[in-house]
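Please walk me through this structure, step by step. I have not seen it before.

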Amino acid sequence: MDDKDERRKALVGYRHGYENFRSRATIPVCDDESISLHQHGSRLSALSHRSEEEDDDLEDTRRLSTMSEVSVRRQSIYNLLKQAVHTAVVSNILLSSQQKSVIGEADVSIDRAMSDITYDEPNNNSPIKSSLSHPIVTTHPRNAGKYTVIAFVNSTSGGGKGDEIYKTLQTHLGNEYVIDLHSCGPGNMPEDTLLKYAHDPFVRVLACGGDGTCGWIYSSLDQVWSTILGNKGLVHTSQYKDHLPLAIMPLGTGNDLSRQYHWGPSFQTHMKEKSMISAVESAKLRWLDRWRCLIMPMSSWGEKEKEFIPQILAERNASDVRDGTERTSVTSLVELEKVMVDETDKSPKKGNKFVTESNQPSTQFYDGLFCNYFSLGFDATVLYLFHCEREQNPAKFSSPLRNKLVYVEKSPYGVKTPKLKKRIDIFVNNEKGDLVKLKIPKDTRALLLLNIQSYAGGHRLATKGAADDGLIEVIFVSNLIRMAASAAAGPVLPFMLFKVRAQTNRVCIRTKCPMHCQVDGEPWLQGAGVIQVKFHTRNAILEKTSAHMNCGCISGSESVVVS
C-alpha cells in the first residue's frame, strides 16, 4: 500500500507541475514583448535630435532588430507549445491510470501515446488549407477490426443504388466515416477528409463507384501527399507509400480497376452486407502504377474543342514550366517540341493532306494522371459517340446494362475508322532511356497503351504485363472484329491475344490530323499535336483475397522491350 500511495502522490505532483509549466509557458512571451516595445520607444525618443541621415540608418537597424526578435519569439512559442502537448498527454494518461488503479499500465500507455504523436511544420504552398502545425494523431477509432475504413460513395452511380449504399454503409461504419461525393464542395472535398487520416497506417479507403470515382479519390490523395511531402518526393518513395490503400465497391459500367483487383465486375446485393467491410479488412496490400498524360496541341483549342476534354486533364500554359514557376515530372516541353518535327514534313510532297502547316506548337497544354489505359483510334471513336449520346439523351442511361446496349449500338461506326500509319508517329523509350521511333503496321486502326490487364469491361488483350511494374504495354489493333475475337477467345486460346510491341516507361505520340482518343473511358477529339504518357507514381491499392473471378493478368515485372 505504501508503494501505491507514493505513486499516487507522484502523479498528483506531476499534474500540478504540468499546470505550473503551462502557466509559465505564456509569461515570458508577454514580458519579452512589453520590454521590447519599451526599449524601442526609448530608442526612438533618444534619436529625436539626430540628423535625418542618422535617423534613416538607425530606423533600418531598428526594423531588422525587431524582425529578428519577433522571429525568435515565434520559434520559442512553437517549442513551448510542443512541449506542453507532450506533457498534457502524459499527465492525462497518468491521471486516468490513477483513477482506475491501473498504475502498472501507465508506462506502456505513455510510450504508445508518444509514438502516436508527430509534428509537422506548416506547408504554406500546399493545395489543402489545413493547420498542420497542430499535433497529428496517428491512431483513430476503429470501425473494422484493427482498421478504420473511410467510405466515399458516388450516390449517382449504380443506376440509383448509390444513395441506398450510402445509408447502408453509415449503419456499418458510422455517419462520420461515410462521405457522399455528390455533396462535396469547397472546404469539404475528399482531400480535406483524407488529410486527417493520412498519418495513420491502419486506415483504409473504400471507393463506391466506377473507374472515374477511383480516379477522383486518387487525385485527392495526390493533393494530400503533396501537402504532407511538399517537394520531398512522390508518395511511393516515402514512408507513406502503404498509407490509405484503396478498396473498391463497383458501381460503374466497365469497372476495370475493380476487376483487376478482384472486387468484382459489377455490383452485387451481398455487397451491402457487413461481409463487404470484412473483405476490406482482410484484403491484401498491392500497388498500382499511375501515368501522367500530357497533351500539347499544335494550335490552341477553342471552347467547343475543350467540351469533351476529360476533367482529369487540367489546362495549363507552357510558360509556367519554362519559367520554373511550376514543376512537373513530365519531360521538358522543349524536348516534346523536337518530337513534333517530322523529317518528312521539312520538304512535304504536294498533295499530302496530313502535313501540318506549322511546326511551332501552342503554349497551351493539358496535364493529368490516369490509372487504367489510353487508346487512340476506332475504340475511342465508338466511346466518343457513346458519350455524345449520353449527353443528349441521359434518360437512356439508367443502368449499366442499358449503357452496354448503347455501346454495342455505336460499335459499327468503329469499322469506318481510318488506318493510323500515315496519321500518327509513335516514339518509346528504349533500354537506355532514349526515344526511338516504333514502326506502325500498315493495317493498324487503333493504338492501345495498357497499364492494367482488364480492358473495356474485363477483356484481356495482351500476352503479358502487370499493373505495378513501372511499364506500360503498347499494342496495335487492326480492326474491331479482331479485337472482339481476342477478347472472347483470348482467355481460352492465348495465341489469340495481341502481341505486345513494346513495354516502356514513356510513350510519345505525334498526331498529324484530328483523331479520337480516350483515357480511362473518357474520350475527346485530339487535333494535331503531341501526346506524352510517362510513369509518374505508384499508389497503394487493396486486392480482395476471396476472389471468385480472375482477369487472367500476368504478374511480374518485365524489362523494356521494343520490337
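His262 is buried, with a relative accessible area of 12%. Buried means under 20% relative accessible area, exposed over 50%, and partly exposed in between, with a 1.4 Å probe and protein chains only. The loop that holds His262 runs between helix H7 (256–260) and helix H8 (274–282). Helices (H or I, at least four residues) and strands (E, at least two) are DSSP runs, numbered from the N terminus. The phi angle of His262 is near 65 degrees, a positive value in a residue other than glycine.

This is a predicted model, in which local features need pLDDT of at least 70 and side-chain atom pairs count only at pLDDT 80 or more, while totals for chains, interfaces and linings use all residues. Residues are numbered from 1 along each chain as its sequence is written, and side-chain values use heavy atoms, with hydrogens and water left out.

Asp520 also has a positive phi, near 50 degrees, and is a residue other than glycine. Its place is the loop between strand E17 (515–519) and strand E18 (522–526).

Now take the whole chain. The protein chain has 13 helices and 20 strands. Of its 563 residues, 47% count as buried. Contact means heavy atoms within 4.5 Å. Among contacts in the protein chain with a separation of 6 or more, 78% join residues 24 or more positions apart.

Next comes the nonpolar interior. A nonpolar core is a set of buried Ala, Val, Leu, Ile, Met, Phe, Trp, Tyr and Cys residues joined through side-chain atoms within 4.5 Å. The largest such core has 55 residues. Leu169, Leu206, Trp225, Leu244, Leu257, Trp263 and Leu288 touch the most other members. Helix H6 gives the largest share of this core, eight residues. Another core lies apart from it, with 34 residues, among them Trp301, Phe374, Phe476 and Ile509.

Leaving out residues up to four places away in sequence, Trp225 touches Ala198, Gly230, Val235, Tyr240, His243, Leu244 and Asn539.

Helix H5 (residues 190–197) is mostly covered, with six of its eight residues buried. Those six are Pro190, Glu191, Thr193, Leu194, Leu195 and Tyr197. What covers them? The cover includes strand E3 (148–153), strand E4 (178–180), strand E5 (203–209) and helix H6 (211–229).

How do H5 and H6 pack? Two packed helices are described by the angle between their axes and the distance between the axes. Axes are lines fitted to C-alpha atoms, for helices over the stretch in contact, and angles run from 0 to 180 degrees between N-to-C directions. H5 and H6 meet at an angle of about 55 degrees, with their axes 9 Å apart. That makes H5 oblique to H6. Angles under 35 degrees count as roughly parallel, over 145 as roughly antiparallel, 65 to 115 as roughly perpendicular, and the rest as oblique.

Which residues make the contact of H5 with H6? From H5 come Pro190, Glu191, Leu194 and Leu195. From H6 come Trp216, Ile217, Ser220, Leu221, Gln223, Val224, Thr227 and Ile228.

Some single residues are worth a visit. Arg290 sits in strand E7 (residues 284–297). Is Arg290 buried or exposed? Arg290 is buried, with a relative accessible area of 1%. Not counting residues up to four places away in sequence, the contacts of Arg290 include Tyr218, Ser219, Asp222, Phe370, Cys371 and His536. Gly215 is 75 residues away along the chain, yet the C-alpha atoms of Arg290 and Gly215 are separated by 9.9 Å.

Cys508 lies in strand E16 (residues 506–511). Cys508 is buried, with a relative accessible area of 0%. Its C-alpha atom is separated by 9.6 Å from that of Val436, 72 residues apart along the chain.

Ser478 is found in the loop between strand E14 (472–477) and helix H13 (480–489). Ser478 counts as buried at 17% relative accessibility. Neighbours within four places in sequence aside, Ser478 is in contact with Asp443, Thr444 and Arg445.

Lys464 counts as partly exposed, at 25% relative accessibility. Lys464 and Leu497 are 33 residues apart in sequence and 9.5 Å apart in space, C-alpha to C-alpha.
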